[in-house]
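Please look over the model shown below.

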Amino acid sequence: MMWGKTNFGAIAATMSGALLLLSLPAYAQGGGSSTPGPVLSVGPRFVEKSGEELFANVCQGCHMPDGKGATGAGAYPSLAGNSRLEPAGYPIAVVINGQRGMPSFGAMMSDDQVAAVVNYVRTHIGNLYQDAVAVEDVRAVRR
Amino acid sequence: MADSLSSRAILDYCKRLGVALEPFIQLNHNAFLHAAGAFGGVPQRIRDIKTDFQGQISELLAKVTQQGRLDEAVSKEDREILLQALRSWGALDANYAYKANLISGDFRGYARAPGGGLGAAPVAGEPIDLSDILHSRLWRYLQNFALHTFQATMFQPVGGMDMIGKAFAREVGDLIRFDAKVTRIQQDGRGVTVTFTDLKSPSTTQQAKADWCVCTIPLPILSQIPIDVDHRMKAAIDAVPYTPSVKIGLQFKRRFWEEDEAIYGGISYTDLPIRQIAYPNTGFNGAGRGVLLGAYLFDGPNAYEFTSMRPDERVARAVEFGARLHRQYRTEFENGVAVAWHRVPFVLGCAGNWTDRARAAHYDNLCRIDGRIVLAGEHVSYIPAWQEGAILSSLDAITRLHERVLQQ
């Protein structure tokens with residue numbers, strides 16, 4: 001288990017080296033591989049572009065495929081029909097900066113990606129907020 | 001999966017509790033380094049990359065030393081010793097060159113290894129060109145074998161990491177209450193009250209009272225529980241998200257990495273999303289099935305992407321990527337399991353992901369004794385993700401608590 005050892009530190013320390021490395025766009029499905037599956041990122045930033053892809057490859061890791069969260073010793077909040085998403089600045093800030101147990105994604109997503117995933121969540125899984133987020137809105141929160 | 005020799009506290013507990021240890025192999029020279037875009041995707045032996053890299057750097061350094069271009073930095077007397085050292089360290093020939101010969105062969109191995117009987121003379125192998133090594137970036141994995149935390153000797157408990165937890169439970173089992181979900185932590189001048197529900201009868205809440213509380217609840221959970229601490233400790237509890245991580249175990253019909261490729265334990269590294277393949281450090285040369293660690297992701301986009309997959313998808317992708325290092329995956333794979341730490345309900349992540357900024361602002365406040373409450377765990381240490389960090393933090397917490405109690 002991780003709690004025991006791990007190469008955690010070792011590879012984390014080489015991460016910056018990894019940035020220099022690859023010009024490959026992504027580990028796409030196909031390309032000779034037999035297993036279909038989601039596109040995977042190369043390097044320290046996500047390659048997914050659409051809100052739907054970002055939700056499926058990032059958010060649902062914790063908020064679950066239906067967006068309804070999960071409960072154990074603690075809980076992952078449900079994003080479904082969530083009134084806290086109404087002021088768009090709130091989900092933008094949480095995605096960029098993180099909040100308590102939620103990691104920050106500001107360094108791993110561009111302004112376009114943050115806008116795309118926020119717009120997706122605010123118009124799906126039981127949310128019907130019509131005021132789409134623009135890249136400028138994300139930029140304003142980043143400052 | 002292992003404790004470094006620098007983990008003196010965990011080794012001490014293993015000794016006291018009778019937890020048997022065996023070596024954990026971090027560096028196996030015969031394991032692979034692999035980059036998807038280098039050497040036509042063919043994995044290289046760690047031995048070859050390490051020796052050829054070191055040899056050719058030594059040759060370059062010897063060259064400039066002989067040209068007198070290090071004269072300002074190296075005295076005349078030291079220069080001769082430096083040349084001797086480079087020749088020894090880099091496997092250089094009498095002319096300070098690193099070449100395909102039996103001198104380098106003693107370090108990098110041979111195209112044909114020395115054997116017995118007729119025609120058994122060794123044949124030197126051709127070194128990998130320095131430029132190819134540089135462009136491959138495979139050199140960056142060599143630090144995994146040099147960093148202090150990963151230096152030999154490393155250990156793993158016989159039977160798995162949880163042998164340590166089980167040994168503790170054997171000693172203090174009557175003090176452990178399972179299935180207790182903490183919902184509130186209160187304190188006043190006289191003591192601490194913890195409210196919880198028994199998950200086997202969740203309709204009724206219960207309370208436990210004590211004079212003091214050492215709280216080891218992971219921060220993603222603790223940050224959701226109402227707790228009577230001052231705003232500084234509360235801000236610290238809220239300031240540390242946990243690192244994403246995924247491990248994938250794969251079972252194969254046979255130990256092909258040993259039988260076909262002479263890899264006995266250790267770790268192969270790759271720039272594919274699986275990052276590494278770690279071979280079992282036990283049961284060497286056994287017939288029949290074998291299990292290896294087929295992926296170990298942490299930090300960064302891939303760890304989140306694999307967390308977001310179904311377990312069977314994670315296993316399938318690990319097999320697909322691993323087959324680029326070991327073609328035998330395609331025919332020998334049987335079954336696999338995957339764990340994503342963000343999906344583990346009692347921790348919600350792998351380990352405290354401290355940034356320098358968060359540590360400067362919050363770490364001391366997380367460690368402080370707040371009234372009658374003190375926190376402990378790997379998240380309250382400078383070595384997150386290691387059991388050593390958890391133990392050192394707990395020893396520090398109870399030492400300070402003891403002093404506080406004696407002062408009263």
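B:Ala385 lies in chain B, in the loop between β17 (373-375) and α14 (387-407). Helices (H or I, at least four residues) and strands (E, at least two) are DSSP runs, numbered from the N terminus. The phi of B:Ala385 is near 80°, a positive value in a residue other than glycine. Most residues other than glycine have a negative phi, and most peptide bonds are trans. B:Ala385 counts as buried, with 28 C-beta neighbours inside 10 Å. A residue is called buried if 20 or more other C-beta atoms lie within 10 Å of its own, exposed if 12 or fewer do, and partly exposed in between, with C-beta atoms placed from the backbone.

The model is predicted; local features need pLDDT of at least 70 and side-chain atom pairs count only at pLDDT 80 or more, while totals for chains, interfaces and linings use all residues. Residues are numbered from 1 along each chain as its sequence is written, and chains are lettered from A and ligands numbered from 1 in the order in which they are written.

Two further backbone features belong to chain B. B:Asp299, which is not a glycine, has a positive phi of about 55°. B:Asp299 is placed in the loop between β15 (290-298) and α10 of chain B. B:Asp299 is partly exposed, as 19 other C-beta atoms lie within 10 Å. The other feature is a cis peptide bond, with omega near 0°, from B:Ala152 to B:Thr153. B:Thr153 is in the loop between α5 (130-136) and β7 (154-157) of chain B.

How much of chain B is buried? Of its 408 residues, 42% count as buried. Chain B has 14 helices and 17 strands, and its C-alpha atoms fill a box of roughly 80 × 60 × 40 Å along the principal axes. Two residues are in contact if their C-beta atoms, placed from the backbone, lie within 7 Å. Of the contacts in chain B between residues at least 6 apart in sequence, 65% join residues at least 24 apart.

One sheet of chain B can be followed strand by strand. It is an open sheet of three strands in the order β8-β9-β10, with antiparallel pairing. Two strands count as paired if DSSP finds at least two bridges between them. β8 (180-187) and β10 (205-210) of chain B stand at the edges with a single partner strand each, so one side of each has no neighbour in the sheet. Neighbouring strands of this sheet are turned by 25° against each other on average, direction ignored. Seven bridges join β8(B) to β9(B), and B:Val182 has B:Phe196 in β9(B) as its bridge partner. A hairpin through four residues joins β8(B) to β9(B). Strand β9 (residues 192-198) of chain B pairs with β10(B) over six bridges. B:Thr193 is partnered by B:Lys209 in β10(B), and B:Thr197 stands opposite B:Thr205. β9(B) and β10(B) also form a hairpin, with six residues between them.

Helix α10(B) is where the text turns to chain A. Nine of the nine residues of α10(B) are buried, so this helix is largely enclosed by the rest of the structure. Among them are B:Pro301, B:Tyr304 and B:Phe306. Helix α2 (residues 51-63) of chain A and helix α10 (residues 300-308) of chain B pack at an angle of about 70°, with their axes 7 Å apart. That makes α2(A) roughly perpendicular to α10(B). Axes are lines fitted to C-alpha atoms, for helices over the stretch in contact, and angles run from 0 to 180 degrees between N-to-C directions. Angles under 35 degrees count as roughly parallel, over 145 as roughly antiparallel, 65 to 115 as roughly perpendicular and the rest as oblique. A:Ala56, A:Asn57, A:Val58, A:Gln60 and A:Gly61 in α2(A) meet B:Tyr304, B:Glu305, B:Thr307 and B:Ser308 in α10(B). By class, this contact has three nonpolar, five polar and one charged residues. Ala, Val, Leu, Ile, Met, Phe, Trp, Tyr, Cys and Pro count as nonpolar, Asp, Glu, Lys and Arg as charged, and the others, Gly among them, as polar.

Within chain A, A:Ala116 is found in helix α4 (residues 111-123). A:Ala116 is buried, with 23 other C-beta atoms within 10 Å. Not counting residues up to four places away in sequence, A:Ala116 touches A:Lys49, A:Ser50, A:Gly51 and A:Leu54.
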